[in-house]
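My entries follow in the order I made them.

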Amino acid sequence: MTLSAFDIFSIGIGPSSSHTVGPMKAAKRFVDVLDERRLLEQVARVRAELLGSLGATGRGHGSPKAVLLGLAGEDPATVEVEDVDRRVSTVAATGDLLLGGRHAIRFDPGRDIVLEGRRALPEHPNGMRFTAYAEDGVLLQERTYFSVGGGFVLDPAEAGRLEADPDRVEVPFPFSTASELLEICTTQGWQISDVMLANERAWRSDSDIRAGLLEIWHAMESCVRAGCRRDDDTELPGGLRVRRRAPALHQKLTTSDHPPDPDDPMRVLDWVNLFALAVNEENASGGRVVTAPTNGAAGIVPAVLHYYMRFVPGADEDGVVRFLLTAAAIGILFKLNASISGAEVGCQGEVGSACAMAAGALCELLGGSPAQVENAAEIGVEHHLGLTCDPIGGLVQIPCIERNAIASVKAINAARLATHGDGSHRVSLDEVIRTVRDTGRDMDAKYKETSRGGLAVNVVEC
């Protein structure tokens with residue numbers, strides 16, 4: 001295993017990890033190459049081509065904005081979310097862009113960012129090509145990148161392996177399948193979170209691991225709070241006229257004007273739905289979110305983790321750390337053996353993997369054994385097999401927002417089902433992950449984040 005929990009969970013902006021976070025990182029990476037090769041000051045023009053799924057749904061996902069910001073030297077984790085639209089509008093109006101934040105070039109987003117939805121590169125459906133030219137038109141540099149899901153960006157040389165850094169350290173307990181992970185747990189007498197913690201120590205100290213994971217949790221908390229407190233606009237951007245529901249639901253659950261029935265056995269579900277809706281409405285509006293493992297599925301892990309903190313007796317920050325470590329271990333299995341990219345395998349790879357991650361992590365905190373955790377994760381993803389990615393208008397709104405709420409509830413149910421068993425079950429997590437991969441290969445491209453099939457064509461935009 002060469003992936004860290006901090007590869008699976010990263011702080012970025014909405015609405016998409018593959019179509020927003022990835023392109024911003026790729027554009028910044030291209031500028032960094034220019035800078036490293038001492039070419040930055042010679043650049044007079046930059047052209048970016050977004051191919052395949054990026055071209056087909058890029059506008060709805062904010063990909064052109066992301067590319068512009070990346071070229072300006074911005075990073076998804078630190079860019080000022082509230083200032084994005086102003087900066088993009090300024091470049092469009094003036095035609096001036098500070099490449100890398102310091103070298104001025106002429107830039108016309110409508111001309112210099114090209115969306116080619118019908119043309120894809122063979123390595124991956126989310127391909128990008130960047131070219132830089134001197135004043136006399138001479139080609140200075142050209143680079144191709146792939147946004148492979150969850151904010152991961154690879155170049156063609158890296159496309160055969162997941163890590164972009166060839167100097168990654170070796171971890172003490174490598175695993176690439178769930179069966180290998182369970183064998184380590186049995187041999188060491190550990191929980192899955194213990195294995196992940198031991199591996200994380202190859203990169204960071206215990207205090208840094210804890211601080212980093214709690215920073216991820218606090219970002220999730222902030223995202224939920226922001227989504228619940230929004231009162232400045234009632235509709236999400238993009239033209240679908242999708243209304244925010246989290247603020248009204250939050251008010252209904254917390255104010256005396258609409259007191260919930262304390263005896264309502266389904267009341268907890270209202271809170272879980274609220275947590276997921278709040279995150280995904282923030283994501284849809286371009287807010288700050290945590291990829292978990294993607295932006296399109298960003299609400300599930302936070303919703304189930306909020307459920308743990310609010311409704312499970314004895315919940316504490318130690319549990320939060322264990323939850324995120326366990327969830328990351330499961331996410332790594334999907335990343336290594338299938339995909340977390342909707343453009344590659346459909347939404348089964350996004351919402352399905354997130355549901356599995358949340359289910360397994362909650363199961364461990366409920367006292368589940370490693371075998372029960374694996375069972376919970378298997379239940380969580382098995383019932384998302386074949387799930388298509390067909391967003392209406394290329395926006396991460398319908399069916400994405402509600403889908404996160406439903407999957408959050410399914411994750412909690414999967415965890416509880418697994419804890420009532422002994423961990424033995426007929427279908428393994430490894431088998432289901434392979435099925436995600438195989439089903440994704442067989443799935444028609446129109447159902448893989450192109451907005452050319454399913455709900456995207458059967459629901460009239462208005």
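**Entry 1: ground rules and a first pair**

With which side chain does the side chain of Asp96 meet in a salt bridge? I found Arg106, at 2.6 Å from N to O. I count a salt bridge when a side-chain nitrogen of Lys or Arg is within 4 Å of a carboxyl oxygen of Asp or Glu. The pair links distant parts of the chain, with Asp96 in strand β3 (residues 96-99) and Arg106 in strand β4 (residues 103-106), ten residues apart. Helices (H or I, at least four residues) and strands (E, at least two) are DSSP runs, numbered from the N terminus.

This is a predicted model, in which local features need pLDDT of at least 70 and side-chain atom pairs count only at pLDDT 80 or more, while totals for chains, interfaces and linings use all residues. Residues are numbered from 1 along each chain as its sequence is written, and side-chain values use heavy atoms, with hydrogens and water left out.

I then looked up the accessibility of Asp96: its relative accessible area is 42%, so I noted it as partly exposed. The terms are buried for under 20% relative accessible area, exposed for over 50%, and partly exposed in between (1.4 Å probe, protein chains only).

**Entry 2: other salt bridges**

I searched the whole structure and got 24 salt bridges. One of them joins the side chains of Asp83 and Arg86, again with an N to O value of 2.6 Å. Asp83 is partly exposed at 24% relative accessible area, and Arg86 is also partly exposed, at 49%.

Arg111 forms a salt bridge with Asp112, and their closest N and O atoms are 2.8 Å apart. Is each partner buried or exposed? Arg111 is partly exposed, at 42%, whereas Asp112 is buried, at 0%. I also noted a network in which salt bridges with shared partners join Arg47, Glu49, Glu116, Arg119 and Arg129.

**Entry 3: two buried residues**

I looked up Glu158 in the loop between β8 (153-154) and α7. Its relative accessible area is 6%, so I wrote it down as buried. The side chain of Glu158 has a polar contact of 2.8 Å with that of Arg29. For this I use N or O atoms within 3.5 Å; within protein, one must be able to donate a hydrogen and the other to accept it, and residues adjacent in sequence count only if both atoms are side-chain atoms.

Leu362 sits in helix α15 (residues 351-365) and is buried, at 0% relative accessibility. I took the C-alpha separation from Leu362 to Ala414 as 9.3 Å, the two being 52 residues apart along the chain.

**Entry 4: cavities**

How many cavities of 30 Å³ or more are there? I get two. The search runs on a 1 Å grid over the protein atoms alone: a cavity is a set of points where a 1.4 Å probe fits but cannot get out, a pocket is an open set with protein on both sides within 12 Å along at least five of seven lines, and lining residues have an atom within 4 Å of a point. Grid points are joined across faces, edges and corners, and a volume is the space filled by probe spheres set on the points.

The largest cavity holds about 140 Å³. I counted 18 lining residues, with Gly296, Glu350, Cys389, Val396 and Glu449 nearest the centre. α2 (17-36) and α17 (400-419) are the elements that give two or more residues to this lining, and α17 has the largest share, three residues. Domain 1 (16-161) and domain 2 (178-447) both contribute to the lining, so the largest cavity lies between them. The domain bounds come from an automatic or database domain assignment.

The second largest cavity has a volume of about 50 Å³. Its lining includes Ala178, Leu181, Ile330 and Glu374. By class, I noted nine nonpolar, no polar and one charged residues there. Ala, Val, Leu, Ile, Met, Phe, Trp, Tyr, Cys and Pro count as nonpolar, Asp, Glu, Lys and Arg as charged, and the others, Gly among them, as polar.

**Entry 5: the largest pocket**

The largest pocket has about 810 Å³ of space. Its 39 lining residues include Lys65, Val84, Asp85, Ser285 and Gly286, which lie nearest its centre. I found the largest share of the lining, five residues, in α4. By class, the lining divides into 19 nonpolar, eleven polar and nine charged. Both domain 1 and domain 2 give residues to the lining, so the largest pocket lies between them.
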